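Hi,

Here is the structure I promised to pass on. Have a look at it first, and then read my notes below.

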Amino acid sequence: LGDDSMDAELILVGHSIGGWIARAWLSEWSDSSIRSKVTTLITLGSPHQSPPSKSMFVKFDQTRGLLNHINLNYPGAHESGVSYYSVIGNQVAGDL
């Protein structure tokens with residue numbers, strides 16, 4: 001962001017892995033001058049919790065442990081003054 005964007009407000013949008021990476025980046029790695037401009041984080045189809053340990057889905061962890069790593073190492077990935085929205089849905093059944 002340049003000097004002409006002093007009053008800019010940022011809305012971050014992340015899909016799938018991009019949603020939880022954006023959440024971790026915002027809280028842990030972003031520069032404070034940029035973080036202060038972020039007003040909203042919208043995640044689309046992003047898992048924010050690992051599958052339950054006794055679930056059959058734990059065997060098929062598509063994040064390969066990365067989501068668990070983010071949740072364990074950056075549990076405070078929530079910023080004051082930022083609105084968080086998560087859009088999820090159900091699968092669509094199809095025929096093969």
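What follows is a quick tour of what turned up.

First, some ground rules. This is a predicted model, so local features need pLDDT of at least 70 and side-chain atom pairs count only at pLDDT 80 or more, while totals for chains, interfaces and linings use all residues. Residues are numbered from 1 along each chain as its sequence is written, and side-chain values use heavy atoms, with hydrogens and water left out.

**The overall picture**

The protein chain has three helices and three strands. Here helices (H or I, at least four residues) and strands (E, at least two) are DSSP runs, numbered from the N terminus. Starting at that end, the elements follow the order β-α-α-β-α-β. There are 96 residues in the protein chain, and 26% of them count as buried. "Buried" means under 20% relative accessible area, "exposed" over 50%, and "partly exposed" in between (1.4 Å probe, protein chains only).

The accessible surface of the protein chain comes to about 7100 Å², and carbon and sulfur atoms account for 55% of that. Those areas come from the Shrake-Rupley method with a 1.4 Å probe; for residues, only the protein chains shown count as cover. As for contacts (heavy atoms within 4.5 Å), take those in the protein chain between residues at least 6 apart in sequence: 78% of them join residues at least 24 apart.

**The sheet**

The three strands form an open sheet in the order β1-β2-β3, with parallel pairing. Its edge strands are β1 and β3 (83–87), each of which pairs on one side only. From one strand to the next, the twist averages 15 degrees. Two strands pair if DSSP finds at least two bridges between them. By that rule, β1 and β2 pair in the parallel sense over six bridges, and β2 (residues 38–44) pairs with β3, also in the parallel sense, over five bridges.

Leucine 41, for its part, stands opposite tyrosine 84 in β3.

Valine 13 itself is in strand β1 (residues 10–15). Valine 13 counts as exposed because its relative accessibility is 55%. Together with Ile11, Leu44 and Val87, Val13 makes a nonpolar surface patch of about 350 Å². Patches are made of residues with over 30% relative accessible area and no salt bridge: like charges are joined within 9 Å, nonpolar side chains (Val, Leu, Ile, Met, Phe, Trp, Tyr) within 5 Å. A salt bridge, in turn, is a side-chain nitrogen of Lys or Arg within 4 Å of a carboxyl oxygen of Asp or Glu.

**Helix α1 and its surroundings**

Which strands does helix α1 touch? Helix α1 (residues 17–29) packs on the sheet and touches β1, β2 and β3, with its direction at about 140 degrees to that of β1. (Axes are lines fitted to C-alpha atoms, for helices over the stretch in contact, and angles run from 0 to 180 degrees between N-to-C directions.) The buried residues of α1 are Gly19, Trp20, Ala22, Arg23, Ala24, Leu26 and Ser27. Their cover includes β1, α2 (32–35), β2, α3 (66–73) and β3.

Serine 27 counts as buried because its relative accessibility is 11%. The C-alpha atoms of serine 27 and tyrosine 74 are 8.0 Å apart in space, although 47 residues separate the two in sequence. Glycine 18, also found in helix α1, counts as partly exposed at 26% relative accessibility. Its C-alpha atom is 7.7 Å from that of threonine 43, which is 25 residues away along the chain.

**Two serines in loops**

Serine 16 is in the loop between β1 and α1. It has a positive phi of about 55 degrees although it is not a glycine. Most residues other than glycine have a negative phi. At 30% relative accessibility, serine 16 counts as partly exposed.

Serine 30 is in the loop between α1 and α2. Is serine 30 buried or exposed? Serine 30 is buried, since its relative accessible area is 6%. Leaving aside neighbours within four places in sequence, serine 30 is in contact with Trp25 and Arg35.

Over to you!
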